[in-house]
Amino acid sequence: MLIKNMLKTIEKKRLQLISIGTIVLLSSFLYSTMSYAINGLEAPTERYLEEYGQEDFSVDMLSVLTPKEASDINLTDEIPAGIYTLASLKNYDAKLYYDLMDKRRSVFLNNYPQLDLELREFKELYFRNDGVNTKALVIKDGAKMNRSYMEKGDKPSAPDEIAVSRIYAEKNGMEIGDLISIDQNTFKITGYVLFPDYTFPMLGESFIIDNSKQTLSLMTDDAFESLQGTLDFRFAGSKPNEMSSMEFREKVADTLSDKEDLDFVLSAALTENQLRSGAIFDELRGGKAFALGLSIMIVSIAIIIAAIIIFKILNAERGQIGLLKALGYKRKKIAFPYFVLVGIIALPMLVAGYLAGVAAAEPMKNMYLEFYLLPANPIAQEASVFLTAVFVPMVFFICLSGGVILRMLSTKPLELLYPHREQKVNRLTRITSSLLKGAKGKTKFKYLYAVRNTGKFAIFFFGIALSTLLMLFSFMMDGMIDRMAIESYESVDYEYEAYIDPAKTIPEIKKGQEKFLTYPNALVGNESIAATGIEVDNELYKLYDEDGKDITALLEKGAIATKSASLKYKLDKGDKVDVKLGSKTVTVELLAVAEDYSADKIYFERGYLSDIISEGETKDLFTGIYSSERPQADLYAAVLEKKAIMNQAELMQDFMRYAVYIMVGVSAMVAFVILFVLTTMTVEDNYYNISLLKVMGYSKKEVSSMVLDSYLAYTIISFIASIPITLVALGWMVEFFAQGYGMVIPFEFRSVHALYGFIIIMVIFYGGTYAGKRKINKIALQEVLKAYGE
Amino acid sequence: MSIILKNVTKTYKSREVETHALKGISLEIKEGEFIVILGPSGSGKSTLLNVISGLDTPTSGVIKFKDLVLTDLSEDKLTEFRRNHLGFVFQQYNLLQNLTALENVLMGSDIGKDPLDPEEILKKVGLENQMHKYPYQLSGGEQQRVSVARSVAKNPEILFCDEPTGSLDEATSKQVLEVIERLNKELNATMVVITHNPGIGAMADRIIKMNSGNIEEIIINKEKISASQIKWG
């Protein structure tokens with residue numbers, strides 16, 4: 001009988017219960033999806049990184065000879081003019097190059113004997129595969145550190161064999177055994193390779209990660225050496241386990257600049273601070289924490305709303321409960337149906353959310369693997385995830401609702417049968433009332449109505465704030481890739497950039513081509529920054545400030561930093577900056593900041609930069625050209641097409657957009673459920689008051705306005721309050737990434753984001769309160785009389 | 001002439017059962033009159049109040065208020081009619097719990113065309129020292145007086161009181177009735193009080209006794225007594 005009554009209650013409140021059920025399901029779904037997806041990556045990743053010797057840190061060094069090194073080797077007469085990089089040295093004499101590398105290693109280890117270093121060499125190759133511009137980072141295999149891991153297949157053993165990334169092969173419809181053409185050579189794919197120092201596919205400086213157009217590659221050492229392409233290097237390092245990260249920073253990274261014999265060292269960075277190798281740790285931890293945090297917030301809202309609903313149901317049935325108690329029913333027997341009700345709200349939804357999460361985990365894991373270069377395990381269910389997704393929230397549901405149930409059941413039967421209807425006024429009501437001093441009765445009613453129950457109001461306020469926060473965060477994320485890559489490429493007029501191959505004759509500069517000079521190893525303080533020289537009057541690569549004003553001409557009198565460098569190194573317009581270029585340090589005035597987030601650069605007039613780095617020898621140095629027409633590829637080391645880079649960035653942008661839609665959808669759903677449940681609940685709680693107002697002569701419109709529009713006002717207040725909270729939270733995040741990884745995330749808040757958010761929240765408000773409005777219209781005038789009737 | 005009812009019936013239908021709550025009521029209520037409708041439970045007195053006040057529509061018959069034929073009015077027009085002309089007091093005080101006594105009265109005066117000063121009204125009902133208190137801080141009698149003050153604050157022409165003392169003890173009931181009596185005299189408002197307590201009839205101009213949906217008897221009080229003189233029972 002009692003159960004039958006409970007079923008009737010469910011029928012009456014089905015929409016509210018379905019809504020609560022939906023967000024319960026959502027919380028369990030989010031948690032189990034993310035947990036399983038990440039667990040499917042975390043364990044094999046940890047094992048792989050351990051077994052294949054992921055570096056503990058890496059050391060970047062000058063890619064040119066220091067004056068001391070040059071004089072030690074006594075190269076001046078032997079190396080042809082214009083060849084000054086270590087890559088050129090290797091081309092000229094590989095032994096000299098490796099001797100120099102050994103020497104650098106020894107000097108370093110003499111200073112830090114507790115550490116170990118290993119040379120890491122790689123070449124960037126640009127080629128067209130099936131008409132698609134592709135980049136390959138061919139890495140020479142490590143002996144101890146960062147050893148290659150074959151996900152599938154075998155390591156290349158012949159000069160015409162290559163191993164590539166699995167994701168690259170899959171996205172291009174290639175399989176092991178297929179052939180791939182790189183320039184004029186054809187290679188057979190022998191397997192899928194991973195390297196522990198590239199878990200995040202940052203195969204260069206730019207933040208473009210499209211694994212369909214770039215791949216890590218492994219070849220035999222001989223094939224590697226004979227490859228065309230720009231050679232680059234760094235040192236991978238290992239430290240003793242007992243040396244903490246803090247110790248490394250204090251005893252190694254921060255002391256490098258004090259060691260005079262280490263003038264060839266640019267920086268030493270721990271893996272945990274390297275985006276390409278260490279970001280995965282924070283990504284996995286962060287992904288789990290985010291899923292857990294968001295699920296906890298959503299499920300907390302659901303648990304509290306469910307407890308409020310249970311309380312309302314019990315309150316409505318208190319007379320009946322009192323009667324049962326008076327008749328001698330035991331508390332347990334009376335409570336049982338209500339616990340069943342809680343179970344019906346929570347358990348099936350938690351389990352459904354969990355099962356949906358298990359199903360969604362595989363695609364989610366695969367989505368991670370679209371961007372991360374990691375080994376993966378098949379998804380296996382775990383007791384701990386099930387318990388956290390289902391059991392723990394269930395316990396909270398039972399405890400909180402149980403507390404409410406048992407409290408009601410501990411009331412004496414007489415009190416239940418003849419309750420005091422007095423209702424005390426909370427502090428929030430008093431505060432709001434005093435703020436509304438002198439207002440009309442209607443106005444007071446309207447704004448005091450929503451705050452009469454502190455718990456409900458808090459859920460409402462914070463729920464809307466949480467939804468707004470997620471929504472604004474999503475919108476601000478939306479243009480991120482655009483600002484990081486696309487905008488900076490859109491602002492320049494060249495179509496191709498081509499890099500000089502020092503081993504070849506310097507090509508003639510044609511019409512529609514303009515020279516640039518890049519010096520990647522400049523230092524501002526202890527921070528490495530790329531110095532780029534462009535012509536003051538160039539047509540193809542103009543610099544613009546945040547207002548879109550052409551600032552290129554300022555280079556005649558000083559330097560210009562990119563926005564990214566400005567944010568990261570705190571460089572502002574008007575600053576006098578000491579820039580170390582090779583052996584010389586120059587002090588330049590920063591005359592402007594260019595609106596460019598794509599890289600950390602400081603721009604100079606090309607002739608000036610050439611003069612400095614050649615130590616007064618020449619003003620004609622250049623390392624590449626910008627061109628409006630495709631340059632002849634065989635004259636250059638690499639030719640990059642702007643359009644191809646932009647296409648890659650746009651693909652990322654599309655992915656980000658999907659992520660934005662999902663997040664906006666989740667936040668909208670949470671906001672909708674909160675508004676729907678709370679407003680319908682409020683209307684139900686106030687049948688008599690609403691009826692009374694109608695009897696008094698207030699029109700339906702006025703009653704709806706008084707009962708529901710207060711929520712509108714508080715929705716707007718909550719929305720507005722969320723904007724600064726979002727900005728502060730994102731500010732922290734930007735700082736975290738800038739300091740942790742040296743990566744500037746250009747979140748940008750635009751007033752249009754607030755407008756979009758506002759429109760969505762308003763649509764949700766009117767949608768969510770529609771049911772409430774309909775209920776108000778349906779409440780009979782005589783409801784107020786029903787309390788006693790005839 | 002304030003309200004005229006001609007042959008008003010009200011029938012409720014539920015599945016197979018028909019209940020005739022009003023069986024052809026004809027009645028005239030004069031302006032400023034104090035009417036008490038008496039009757040046992042189920043006699044139709046609350047149904048009568050509902051149809052007279054436009055809270056419910058009769059099944060047949062005509063109800064007029066001045067030039068308005070209430071039985072022809074739409075729901076919105078009926079709302080307007082109640083807003084402009086009527087006040088209500090119920091057995092349950094129905095005070096808005098998160099508003100003070102004064103704010104509750106403001107809810108009434110806000111919609112009146114020619115409202116009375118809420119503070120003045122609260123003084124008239126003897127609550128000048130309680131006006132900033134919340135309902136839970138007031139006794140039952142005080143809450144009912146706030147309810148009365150709220151109803152008369154918009155200066156209605158007719159005040160309907162449905163069992164206004166139903167939840168109160170004798171002494172408190174008399175205080176509330178005194179307030180109603182005083183407001184009837186001072187504001188010249190028509191009072192229609194529904195009760196099952198025959199004692200209250202003694203303070204009315206006319207007593208309408210109802211039974212089984214019919215007016216059983218109309219008694220004209222030649223000598224009204226004041227609320228304090230009522231014999232409770």
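Two strands count as paired if DSSP finds at least two bridges between them. I note at the outset that the model I am reading is predicted.

**Entry 1: strand E7 of chain A**

I began with the pairing of E7(A). Strand E4 (residues 149-153) of chain A is joined to E7(A) by 4 bridges, and the two run antiparallel. I looked up one bridge here and found A:Gly153 partnered with A:Gly191 in E7(A).

Strand E5 (residues 161-164) of chain A also pairs with E7(A), over 4 bridges, but in the parallel sense. In that pairing A:Ile162 stands opposite A:Ile189 of E7(A).

Strand E6 (residues 179-182) of chain A makes 4 bridges to E7(A) in the antiparallel sense. A:Ser181 has A:Thr186 in E7(A) as its bridge partner. E6(A) and E7(A) form a hairpin with 2 residues between the strands, and A:Asp183 takes a positive phi near 55° there.

**Entry 2: helix H5 of chain A**

H5(A) covers residues 94-111, which is 18 residues. From first C-alpha to last it reaches 26 Å, close to the 26 Å expected at 1.5 Å a residue.

I then listed the buried residues of H5(A): A:Leu96, A:Tyr97, A:Leu100, A:Met101, A:Arg104, A:Val107, A:Phe108 and A:Leu109. An α-helix has 3.6 residues a turn, so residues three or four places apart point the same way.

What covers these buried residues? The cover includes helices H3 (67-73) and H4 (86-92) of chain A, and also strands E1 (57-61), E2 (116-129), E9 (230-238) and E10 (265-270) of chain A.

**Entry 3: A:Thr432**

I found A:Thr432 in helix H14 (residues 427-435) of chain A. Is A:Thr432 buried or exposed? Its relative accessibility is 12%, and because the cut-off for buried is under 20%, A:Thr432 counts as buried.

The side chain of A:Thr432 reaches the backbone oxygen of A:Leu428 at 2.6 Å. Setting aside neighbours within four places in sequence, I list A:Tyr447, A:Leu448, A:Val451 and A:Tyr714 as the contacts of A:Thr432.

**Entry 4: a sheet in chain B**

Before reading chain B I checked the confidence: its mean pLDDT is 88, and 99% of its residues reach 70 or more.

The sheet I looked up in chain B is open, has 4 strands in the order E2-E1-E4-E5, and pairs antiparallel. E2 (17-29) and E5 (68-69) of chain B stand at the edges with a single partner strand each, so one side of each has no neighbour in the sheet.

Strand E1 (residues 3-14) of chain B is joined to E2(B) by 10 bridges, running antiparallel. One of the pairs I looked up is B:Ile4 with B:Glu28 in E2(B).

**Entry 5: chain B against chain A**

For the complex, the predictor gives an ipTM of 0.86 and a pTM of 0.67. I found 39 residues of chain B in contact with 37 residues of chain A.

The area buried between the two chains is about 3,300 Å², and carbon and sulfur atoms give 56% of it.

How values were computed. Residues are numbered from 1 along each chain as its sequence is written. Chains are lettered from A and ligands numbered from 1 in the order in which they are written. This is a predicted model: local features need pLDDT of at least 70, side-chain atom pairs count only at pLDDT 80 or more; totals for chains, interfaces and linings use all residues. Side-chain values use heavy atoms; hydrogens and water are left out. The expected span of a helix is 1.5 Å times one less than its number of residues. Buried means under 20% relative accessible area, exposed over 50%, partly exposed in between (1.4 Å probe, protein chains only). Contact means heavy atoms within 4.5 Å. A polar contact is a pair of N or O atoms within 3.5 Å; within protein, one must be able to donate a hydrogen and the other to accept it, and residues adjacent in sequence count only if both atoms are side-chain atoms. pLDDT is the predictor's confidence in each residue, from 0 to 100. Buried area is the accessible area (1.4 Å probe) that two parts lose on being put together, summed over both.
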